[in-house]
Number of protein chains: 2
Amino acid sequence: MKMENMAKGDEVSNQQIIFRDFVTGFPKESDMILSSSKIRLEVLEGSKAILVKNLYLSCDPYLRSRMNRIPPGYIPSFTPGSPLQGFGVSKIIDSGHPEFKEGELVWGVTGWEEYSLLTLIDGDKLSTLFKIKYTDVPLSFYTGLLGMAGFSAYAGFHEMCAPKKGDYVYVSAASGGVGQLVGQFAKLMGCYVVGSAGSNEKVNLLKNKFGYDEAFNYKEEYDLNEALKRYFPEGIDIYFENVGGKMLDAVLPNMRDHGRIVVCGMISQYNLEKPEGVHNLFSILVKRVRMEGFMVFEHYHLYPQFLELTHQYIKEGKIFYVEDTVEGLEKGPEALIGLFTGSNIGKQVVVVAHE
Amino acid sequence: MKMENMAKGDEVSNQQIIFRDFVTGFPKESDMILSSSKIRLEVLEGSKAILVKNLYLSCDPYLRSRMNRIPPGYIPSFTPGSPLQGFGVSKIIDSGHPEFKEGELVWGVTGWEEYSLLTLIDGDKLSTLFKIKYTDVPLSFYTGLLGMAGFSAYAGFHEMCAPKKGDYVYVSAASGGVGQLVGQFAKLMGCYVVGSAGSNEKVNLLKNKFGYDEAFNYKEEYDLNEALKRYFPEGIDIYFENVGGKMLDAVLPNMRDHGRIVVCGMISQYNLEKPEGVHNLFSILVKRVRMEGFMVFEHYHLYPQFLELTHQYIKEGKIFYVEDTVEGLEKGPEALIGLFTGSNIGKQVVVVAHE
């Protein structure tokens, strides 16, 4: 929120959130250190790098996986002593890359810092930068609704769940960055949709803002299995899995024949040294359920069609999105950790700079 | 093995294995009672029923599910006081059904008794009777290799696992009625196949009779995860799940990206009052694994193509099958229970009568 007058070529200070060291169990704010270094706002002659000013950063549960010493397999661990990385919205200050130009707005993986020098690597989906096409919506939407979270909801639901009109759909962590969209896409398809979340305020959002048919506060349910039977007396056709553990265990016996479970995340498990045991997997056989893991990187070719459709829905007032915004890079660690206690209401965004 | 001279219309004694009452935990022989009743060897005028003499009965792990008070959902529980039911090979003594005639050999679900009166119900796959087409192979093969078990291996592997030449395939309970065939079908496709079983004798069978590339005795492995890493240093493309529990938990982190798990059975869990917890389900997301339940009833339309192919393979000596046979209906309960201690070597068959 300072240096608005800085220009290409200047050497400026660069606030950063540094990843201190690998994390076991619940992450603490002290695992992420606010620091400052110097950066020259230009790309070296002959380099194809892109120098960006970061505007909005996205807090996503999967970032916890990158804090592990042993990388989760699909994505590398963070490097201790270097800034965190995550999806964000940025403005290009200088570019040696022929496809990107100074002044353009982009979204993709960037650093948790004021300025980042990005290098695009062919074939590395993590380094994909998307140019921002529509600016008649809040730019922060490209951290969520029109970014990775929203696109995960779209591709995870439409590509992986084979939804049909009338299907019974259950979404856990339903008010989160992904969940709020899954329910809305499902409603637009004519499905019956129930979501769960961890507070009554979130439950109200689900029912009154996002159009879920029903919603419940899982923290107030003594028996999740019974809660699901109440909301799905005929069973669940599609479960959009964001939570894992006990929630998955309660869902499994409530699935209908040939039900589909797409595994988009398992936020309840990320901070456990040993994940909870899931006991009801025999239901997969009994109900001939298909359960499949999903990673948005593998569906990037669908982003343009998602963008057109969703942008249209936004303009028509058919889709709503709630963000929980903190101002200032220094608030990033607290906001990120808040995902795991459920303190965010809606998609968690960190504002580094407004433009 | 008596009454060989009995004929249509005679009233004869009918030995039966009666299901005593619902079972919790491990089944005991005393849960199944040898009894005798009378039966007249004819079908009532106007009835479409079929009266059969049972020759061979199939012992299958799924039968344990039918002993539960609460049916597993896809199949009803046994009725206390009535004979057990299961797949078997039978000869028709009398028939009121226009499609079945006296003297024909059939396989399908029958009673655990010498003679059964079968009623075919439209749309009830459990009551499907298949006419036996080839008698140049042992008739008992229609309880296994050419019956439900072999067909489960075929449809489960080819229809559910999307196998390709060179895929790394793992089969648990690999010497059982289904497993021995899965490995052979996988080898015929050019896959690399490893199986596990519970004795060194079975491991020898896998390697020396069924052509598995490698095999191991899971009871001699301190750490199943390490065992799988040893046999699959590059990971598993296809896991044919017959076991569940700890085995599944060890398999999950060893899956390759986009690996497929078909759930055909979970024999390790059937006698537990609470199934074991499976902890490594996050691997489904990390590796984008597809895990899907499978029920052979839903693939019956493929039976003819399976039969032609497999019969041809048998004649060409490309497929082998090992049966573990007990003589006499009264040996049925012990043989069935033996599945859960692994005392059978190969497909467990009960001979009620040889013809």
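**Exercise 1.** In this predicted model, how many bridges join strand S11 of chain B to strand S12 of chain B, and do the strands run parallel or antiparallel?

*Solution.* Take the two strands in turn. S11 of chain B covers residues 236-241, and S12 of chain B covers residues 255-263. Five bridges join them, and the strands run parallel. Now pick one residue: B:Ile238 has B:Arg260 in S12(B) as its bridge partner.

Next, look at what packs on the sheet. Helix H3 of chain B (residues 200-208) touches strand S9 (192-197) and S10 of chain B. The direction of helix H3 makes about 175 degrees with that of S10(B).

**Exercise 2.** Write out the strand order of the open sheet, then find which strands stand at the edges.

*Solution.* Start at one end. The order is S10(A)-S9(A)-S8(A)-S11(A)-S12(A)-S13(A)-S13(B)-S12(B)-S11(B)-S8(B)-S9(B)-S10(B). That makes twelve strands, with mixed pairing. Strand S10 (214-217) of chain A and strand S10 (214-217) of chain B stand at the edges. Each has a single partner strand, so one side of each lacks a neighbour in the sheet. From one strand to the next, the twist averages 15 degrees.

**Exercise 3.** Describe how strand S13 of chain A pairs with S13(B), and how the two chains touch.

*Solution.* First, the strands. S13 of chain A (residues 290-293) and S13(B) pair in the antiparallel sense over three bridges. A:Met291 stands opposite B:Met291.

Then, the contacts. 29 residues of chain B are in contact with 29 residues of chain A. On the chain B side, helix H6 (282-286) and strand S13 (290-293) each give two or more residues. Sort the residues of that side: 15 are nonpolar, seven polar and seven charged.

Definitions and conventions. Residues numbered from 1 in each chain as written. Chains lettered and ligands numbered in written order. Predicted model: local features only at pLDDT ≥ 70, side-chain atom pairs only at ≥ 80, totals over all residues. Pairing = 2+ DSSP bridges. Helix = DSSP H or I, 4+ residues; strand = E, 2+ residues; numbered from the N terminus. Axes fitted to C-alpha atoms, helices over the stretch in contact; angles between N-to-C directions. Contact = placed C-beta atoms within 7 Å. Nonpolar A, V, L, I, M, F, W, Y, C, P; charged D, E, K, R; others polar.
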